[in-house]
Amino acid sequence: MKKIETPVSNDFCPQTLFIFGTYKEDGTPDFGLFCWISYCWDSELGVMACIGGEKLTRDRIRETKCFSANLVTEALLPIADYYGTADGYKEDKAKAHPVEIEKGRALNVPILSQSPVSFELEVSKSMPLDDGEVFLCKIRNVLIAEELADESETLEARLARIAPVSTTCETYFSWNGKNIGEWGKAQQRL
């Protein structure tokens with residue numbers, strides 16, 4: 001395969017999307033869409049998440065030291081897209097587009113009921129960057145849709161059923177690689 005040089009980017013490296021959930025000071029939920037999340041190992045499975053720029057979600061994670069990470073599916077994409085473009089400092093996202101939430105079972109974090117996989121994350125360390133911050137997190141609880149535990153069904157069938165979304169090149173893709181829209185367009189279905 002012949003390679004060429006391009007400007008620095010992460011194009012063609014799909015990333016899974018998650019909606020991070022925190023509570024504001026008044027106890028109302030706040031959600032943001034993020035894809036800079038991966039896993040790490042430090043005597044146990046953990047999560048590393050990066051948030052660039054000033055965001056209410058980042059402020060709340062700094063303050064509370066915990067948040068939820070809820071897997072984005074095709075069914076959740078319109079609200080996730082909205083969470084990714086709306087400014088949490090200026091808009092009450094939960095009031096503008098109410099969604100069903102539940103409280104975390106291990107931590108005081110909001111969980112999206114429709115997400116088939118939700119992590120309850122406790123920040124163990126953070127590293128400020130020039131215009132962002134990396135959070136190293138302990139996974140304190142994992143909540144999954146009951147049907148995902150049914151091992152009589154193939155893994156492929158279970159993934160197809162939940163239809164997780166990834167992103168690259170400012171475009172959303174289905175779990176099997178189908179283009180399902182540009183950033184900022186899916187929320188128009190709300």
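Is tryptophan 41 buried or exposed? Tryptophan 41 counts as exposed, because its relative accessibility is 64%, where exposed means over 50% relative accessible area, buried under 20% and partly exposed in between (1.4 Å probe, protein chains only). The model is predicted, so local features need pLDDT of at least 70 and side-chain atom pairs count only at pLDDT 80 or more, while totals for chains, interfaces and linings use all residues. Residues are numbered from 1 along each chain as its sequence is written, and side-chain values use heavy atoms, with hydrogens and water left out.

**Strands and pairing**

- Helices (H or I, at least four residues) and strands (E, at least two) are DSSP runs numbered from the N terminus, and two strands pair if DSSP finds at least two bridges between them.
- Four strands in the order 1-11-12-13 make up an open sheet with antiparallel pairing.
- Strand 1 (15-16) and strand 13 (179-182) each have a single partner strand and stand at the edges, so one side of each is left without a neighbour in the sheet.
- Strand 1 is joined to strand 11 (residues 166-168) by two bridges, and the two run antiparallel; here glutamine 15 stands opposite threonine 167.
- Strand 10 (residues 132-144) runs antiparallel to strand 5 (residues 45-52), with seven bridges between them; alanine 49 stands opposite phenylalanine 135 of strand 10.
- Strand 10 is also joined by 11 bridges to strand 9 (residues 117-128), again antiparallel, and glutamate 120 stands opposite asparagine 141 of strand 10.
- Three residues lie between strand 9 and strand 10 in the hairpin that they form.

**Nonpolar surface patch**

- Tryptophan 41 belongs to strand 4 (residues 37-41).
- Together with Tyr39 and Leu45, Trp41 forms a nonpolar patch on the surface, with about 380 Å² of accessible area in total.
- Patches take residues with over 30% relative accessible area and no salt bridge, joining like charges within 9 Å and nonpolar side chains (Val, Leu, Ile, Met, Phe, Trp, Tyr) within 5 Å.
- A salt bridge is a side-chain nitrogen of Lys or Arg within 4 Å of a carboxyl oxygen of Asp or Glu, and accessible areas come from the Shrake-Rupley method with a 1.4 Å probe, where for residues only the protein chains shown count as cover.

**Largest pocket**

- The largest pocket has a volume of about 650 Å³.
- Its lining comprises 34 residues, of which Leu33, Phe34, Lys55, Gly84 and Trp183 lie nearest the centre.
- At least two lining residues come from each of strand 3 (29-34), strand 5, helix 1 (56-64), helix 2 (77-85) and strand 11.
- A pocket is an open set of points on a 1 Å grid over the protein atoms alone, where a 1.4 Å probe fits, with protein on both sides within 12 Å along at least five of seven lines; lining residues have an atom within 4 Å of a point.
- Grid points are joined across faces, edges and corners, and a volume is the space filled by probe spheres set on the points.

**Individual residues**

- Threonine 85 is placed in helix 2 and is partly exposed, with a relative accessible area of 47%.
- Threonine 85 and glutamine 187 are 9.2 Å apart in space, C-alpha to C-alpha, and 102 residues apart in sequence.
- Phenylalanine 12, in the segment before strand 1, has a phi near 70 degrees, a positive value in a residue other than glycine; at 72% relative accessibility, phenylalanine 12 counts as exposed.
- Serine 43, in the loop between strand 4 and strand 5, has a positive phi near 70 degrees and counts as exposed at 64% relative accessibility.
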